[in-house]
Amino acid sequence: MSAFIIRRWWLFRNRLMSSVALAFIVPFILSIVTVFGTKNIIVRSINGQPYEVWVLPGLMMFMAAVLITPLIYRDFFDLRIHNKALVPMTLAPIKKSTIILGILFSALLEVIVIIVIGLGIYSILFPQAVAIGHVGYIILYSIIFALLYGNIIILLSLLTERISVFMSALLTTLISIMFVCGLFIEFEFFPLTMSTIFQYFPLSMVSIACRSILFIHTFDTLNTVMPITITLLLIVLNSFLLKRKMKQ
Amino acid sequence: MEASITLKKVGKLVGDKTILAGLTFGIEKGSIVALVGDNDAGKSTMLRLIAGLENPNYGAVFLHGLDTEKRRIETRQTVAFLPHDIDLDPWLTLEQNIQFDARLYGEHQDRIESRINEYSHALDMGDFLYSMAGRVPQGIQKKAMIIRALAHDPTILIMDEPTAFMDAESRRLTWDLMRKLRGDKTIVYSSQFLPEIEAANDRIMVIHNGSVLLDGSLDKLLESTLEYHQFAIEFEELSDELFNSLCGVTTVVNPTKVGNTFHFYGRSRKVFFEVLNACSGVLMKDLSIEKLSLQDLLDSAFAQKGMDG
């Protein structure tokens with residue numbers, strides 16, 4: 001695992017200027033384009049929270065998804081299909097699940113750093129929206145969200161061989177989670193049947209559980225444990241797929 | 001002598017096509033073995049099977065007596081694979097690429113650095129080690145890949161075209177290093193550079209259609225060509241009639257016509273005089289007589305039938 005963390009640090013350091021710029025620009029742009037306009041349409045959530053307060057966990061989770069995508073894409077698609085640099089990793093005397101976890105957790109570290117910066121930027125843009133007591137929970141559930149979403153992107157990267165197919169699937173996934181996982185729009189805005197279905201999506205469960213603990217002060221066991229369980233199952237599936245794809 | 005690598009009835013299929021068919025052989029510890037053959041002979045597949053990059057459809061590959069499929073983790077610790085194509089991470093420096101790979105094998109930092117210093121000096125890498133992999137010439141990247149393969153101190157080194165993309169000096173340094181490693185490491189490689197193979201190996205395996213056609217030292221393989229010579233006679237004009245008449249000389253082997261030059265093989269110089277008799281009165285411009293080399297041996301007509309076939 002330490003090898004993957006050091007590698008991630010080297011990758012970050014080797015493109016330091018663009019990494020630092022990205023760490024500030026992405027949270028700033030996402031905060032502006034998603035919250036400034038929408039908070040004038042949806043002033044308060046259904047349970048009475050100001051929109052900029054209610055949307056913060058969803059925004060951070062979406063930010064985690066946007067940030068982890070290129071890191072996962074690069075390692076599991078680009079370095080597998082185009083550059084073949086994934087091959088020597090799979091030859092090392094380590095399990096495929098260690099490779100999956102190593103890449104995923106090291107990418108997650110970079111994402112956490114940017115999420116913390118994002119929270120700082122958000123607190124400047126909306127001074128009343130970030131409660132200190134909420135920060136820990138938001139980061140924790142963003143990590144759960146990023147791990148689950150990261151595994152979905154790994155699955156997508158391993159299942160596709162062509163960049164056009166991968167990009168189409170990726171954009172569809174990103175736009176879908178933006179609207180149907182309760183990140184920016186509450187489930188109640190959708191027709192009842194759709195709303196019910198959407199709430200059972202594993203990624204939706206994470207945002208529901210996070211808001212439950214932040215705004216209702218109730219730990220939602222089912223919606224916390226279920227996404228973690230699915231993440232673990234996906235790690236097993238992705239390890240198997242990686243082994244198959246590498247013909248090993 | 002102890003075998004580092006043993007293949008037992010190993011077969012590999014891709015779809016309906018047989019890439020390797022029932023291979024059984026052993027490779028002695030510390031030897032350098034060259035695989036040669038046509039482009040689709042199955043050399044790369046054999047190397048990938050030995051390195052554990054692919055599994056055989058049937059049979060088993062053993063490294064130091066351990067089955068590569070059943071004892072995957074242990075066998076991988078002992079082997080390194082150098083592919084033909086560049087597979088370095090372009091966003092890391094060459095040194096970082098090497099360090100990362102060696103760390104995956106659980107090597108300690110000081111030992112990794114010591115090996116990087118030793119091998120980069122041997123291959124004259126200079127300051128390139130600290131350049132981004134994507135920004136250096138492919139020949140330099142290939143040298144870095146050799147260092148990466150050696151950084152975890154494997155006992156078996158598998159290389160597919162190890163000197164591809166390299167200039168003459170780099171090729172020389174690479175083979176100097178390989179010769180230095182002989183005895184300590186078992187080296188199996190494929191190459192299209194036949195002069196390199198003639199210069200550095202203990203054993204040559206000629207692969208054809210997924211089978212080992214010839215196997216032995218260079219001297220042993222060339223024994224079959226003993227007393228054979230390659231003749232070339234350039235005529236003022238080599239008509240079809242004359243060519244057919246020369247082909248009729250019973251001691252002439254594998255005759256071919258290139259322009260006005262008649263090429264053929266013969267077991268002794270006596271053949272040359274028989275050919276001269278057959279073409280008396282025709283004006284000749286030039287002639288050459290050469291002893292056979294590995295290239296002649298690999299000529300498909302010979303390789304499939306043998307020199308006397």
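User: Let's start with a helix. Which residues of α1(A) are buried?

Analyst: Bear in mind that this is a predicted model, where local features need pLDDT of at least 70, side-chain atom pairs count only at pLDDT 80 or more, and totals for chains, interfaces and linings use all residues. Residues are numbered from 1 along each chain as its sequence is written, while chains are lettered from A and ligands numbered from 1 in the order in which they are written. A residue is buried if 20 or more other C-beta atoms (placed from the backbone) lie within 10 Å of its own, exposed if 12 or fewer, and partly exposed in between; helices (H or I, at least four residues) and strands (E, at least two) are DSSP runs numbered from the N terminus. In α1(A), the buried ones are A:A3, A:F4, A:R7, A:R8 and A:L11.

User: Within what arc do the buried residues of α1(A) fall, seen down its axis?

Analyst: The arc is that of the directions from the helix axis to the C-beta atoms. The buried residues of α1(A) line one face of the helix, because they fall within an arc of 135 degrees.

User: And which exposed residues sit on the face turned away from the buried side of α1(A)?

Analyst: The buried side has its cover, which includes α7 (96–125) of chain A together with α3 (94–104) of chain B. Turned away from that side, the face of α1(A) carries the exposed residues A:S2 and A:R13.

User: How far apart are the end C-alpha atoms of α1(A)?

Analyst: The expected span of a helix is 1.5 Å times one less than its number of residues. For the 13 residues of α1(A) that should give 18 Å, which agrees with the distance between its end C-alpha atoms, 18 Å.

User: Now the two chains together. Which element gives the most to the side of chain A that touches chain B?

Analyst: Two residues are in contact if their C-beta atoms, placed from the backbone, lie within 7 Å. The contact takes 20 residues from chain A and 23 residues from chain B. On the chain A side, the elements giving two or more residues are α1 (2–14) and α6 (86–91). The one that gives the most, with six residues, is α1(A).

User: What separates the centres of the two domains of chain B?

Analyst: Domain bounds come from an automatic or database domain assignment. Here chain B is divided into domain 1 (3–217) and domain 2 (229–291). Taken over C-alpha atoms, the separation of their centres is 43 Å.

User: How many of the nine residues of helix α1 (residues 43–51) of chain B are buried?

Analyst: The buried list for α1(B) includes B:K43, B:S44, B:T45 and B:M46. This helix is largely enclosed by the rest of the structure, because the buried count out of nine is eight.

User: Is B:D124 buried or exposed?

Analyst: B:D124 is found in the loop between α4 (109–122) and α5 (138–150) of chain B. Its phi is near 55 degrees, a positive value in a residue other than glycine. With 12 other C-beta atoms within 10 Å, B:D124 is exposed.

User: One last thing: what distance separates the C-alpha atoms of B:L23 and B:V212?

Analyst: B:L23 sits in strand β2 (residues 17–28) of chain B, and with 22 C-beta neighbours inside 10 Å it counts as buried. Leaving aside neighbours within four places in sequence, B:L23 is in contact with B:L7, B:V10 and B:V212. B:L23 and B:V212 are 189 residues apart along the chain, yet their C-alpha atoms are separated by 7.4 Å.
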